[in-house]
Amino acid sequence: MTFSIAKAEQELQTRRAALNPRWYPRYHLAPRAGWMNDPNGLVWFDGWYHAFYQHHPYSTKWGPMHWGHARSQDLVHWEHLPVALAPEGPEDKDGCFSGSAVVDGDTLALIYTGHKFHGDPGSDDNLYQVQCLATSRDGIHFERQGQIIDTPAGLHHFRDPKVWREGNDWYLVVGSRVGDTGQVRLYRSRDLREWQDEGILAEAQEGMGFMWECPDFFMLDGKRVLMFSPQGMAAEGYRNRNLFQSGYLIGDWQPGQPFVPEGEFIEMDHGHDFYAPQSFLTPDGRRIVMGWLDMWESPMPEQRDGWAGMLSLPREIRLGADNRLRMTPAEEVATLRGSYYPLLAQHLKNQSSPIVGDAEAIELDLVWDMNSATAESYGIALGEGLRIYVDAQAQRLVLERCYPQLLLEGSRSVPLPAADRLALRIFIDRSSVEVFVNEGESCLSSRIYPQEAQRQLLMFANNGDATLSSGGYWPLDK
């Protein structure tokens, strides 16, 4: 099949008309139709935030990758734009894989991986991944500039470039795989077209994964953060429970010097569904992250409805005194709020208490008193499929989903904070939940699939007492 932007747009128009909206998000960015995975090219340009993403317009399953495109002036109200890239050239004939965007004067530049096979696509020996450039003056229509970095000798997996400017130079990090060892490689350029190999920035030690995807490297509060998505880390107790992970290393780096990490790899999000996060700067200097709110090889029930995949809420990250990232919803998310409904302080004893009858799109702000609680478990439930609760015996906050008819079951959890209060900000959309714990100490994000009659939201306490000190909620909508 020959691909083009025009063909992709025609396909999307047809598919969009047949889409079933029952689980389609009210306030998250999702494709018009078809498949979405990694966020790409998050950037502010010419008065707009731009979000590009991995996109297959012709199916609800992964396929030859295009770049979908949307823009916003506030990070939450998104306008879909025409597909930005299609696999049209010899350098990307089998897919326009992930990458990033930078502003170069009056030009928006996309730097992405061209994915191609020379021969049988069933063998990685025939796989070549190169880095490519496309540019635009209007931020909508892009002119392909072709290959800018070739596949290094002996490599086959070499993808997901992230570019930034430092001093007079551009820098680029890219994920790679050597045998069963993941790496991040570094390049430098003066013009985005001619690139000098600066060697290996970081490399996996034993158990740290066979491939490091979607690297991102930035300064935050005086430290360097290397954010990436390692493939092949084994689960260990409560850690690394998903097929693949997303997380970061904190350290120090200066151009021309090695990256010196401090401490271990830390997961960014502890829910079922968060992958390939990418960061960017707002005009006022905040570092914002968005990720793919899904996980590879998980059931995606919305595929039967004509679409698949969505992005997380935009999240501001800061560095805490303990050298860990704090992640909270971007302040713009508050513009989605409707009227506020306070929840009076409540004492629950072996009972449940309703909050709202239809929590299709809602933000909750809850504060639990952990000192006085005697219940074995207490928290909230959405229908019969989702519970977010304190497990007092395990001393953990648990996100549990149960949709056995859709083959989606299981729990994820984080340790309870060492404090006398548990403050939760919880965002529920038609098919997602994002939980922010104690002003960003931890986060859990998962896809959920309640039926229409299973959106009742309630609080509960089992086998003992629990006290909600304060709380309330806002309906959310565009």
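This is a predicted model: local features need pLDDT of at least 70, side-chain atom pairs count only at pLDDT 80 or more; totals for chains, interfaces and linings use all residues.

A: Residues are numbered from 1 along each chain as its sequence is written, and side-chain values use heavy atoms, with hydrogens and water left out.

Q: How much space lies in the largest pocket, and which residues are closest to its centre?
A: A pocket is an open set of points on a 1 Å grid over the protein atoms alone, with protein on both sides within 12 Å along at least five of seven lines; a cavity is a set where a 1.4 Å probe fits but cannot get out, and lining residues have an atom within 4 Å of a point. Here the largest pocket holds about 580 Å³. Closest to its centre, of the 26 lining residues, are Ile266, His270, Arg324, Pro415 and Glu441. Strand S16 (260–267) gives the largest share of that lining, four residues. Strands are DSSP runs of E, at least two residues long, numbered from the N terminus.

Q: What about the largest cavity: which residues lie nearest its centre?
A: About 80 Å³ of space lies in the largest cavity, and the structure holds four cavities of 30 Å³ or more. Of its 14 lining residues, Pro39, Gly99, Cys214, Pro215 and Gln278 lie nearest the centre.

Q: How many disulfides does a search of the whole structure find?
A: A disulfide is a pair of cysteine sulfur atoms within 2.5 Å, and the search finds zero. For Cys214, the nearest cysteine sulfur is that of Cys96, 15 Å away. Cys214 is also buried, at 9% relative accessible area, where buried means under 20% (1.4 Å probe, protein chains only).

Q: And the open sheet: in what order do its four strands come?
A: Two strands pair if DSSP finds at least two bridges between them. The order is S17-S18-S20-S21, with antiparallel pairing. S17 (275–281) and S21 (325–329) are the edge strands, each pairing on one side only. Inside the sheet, S18 (residues 287–292) and S20 (residues 315–319) pair over two bridges; Val289 has Arg315 in S20 as its bridge partner.

Methods. Buried means under 20% relative accessible area, exposed over 50%, partly exposed in between (1.4 Å probe, protein chains only). Grid points are joined across faces, edges and corners, and a volume is the space filled by probe spheres set on the points.
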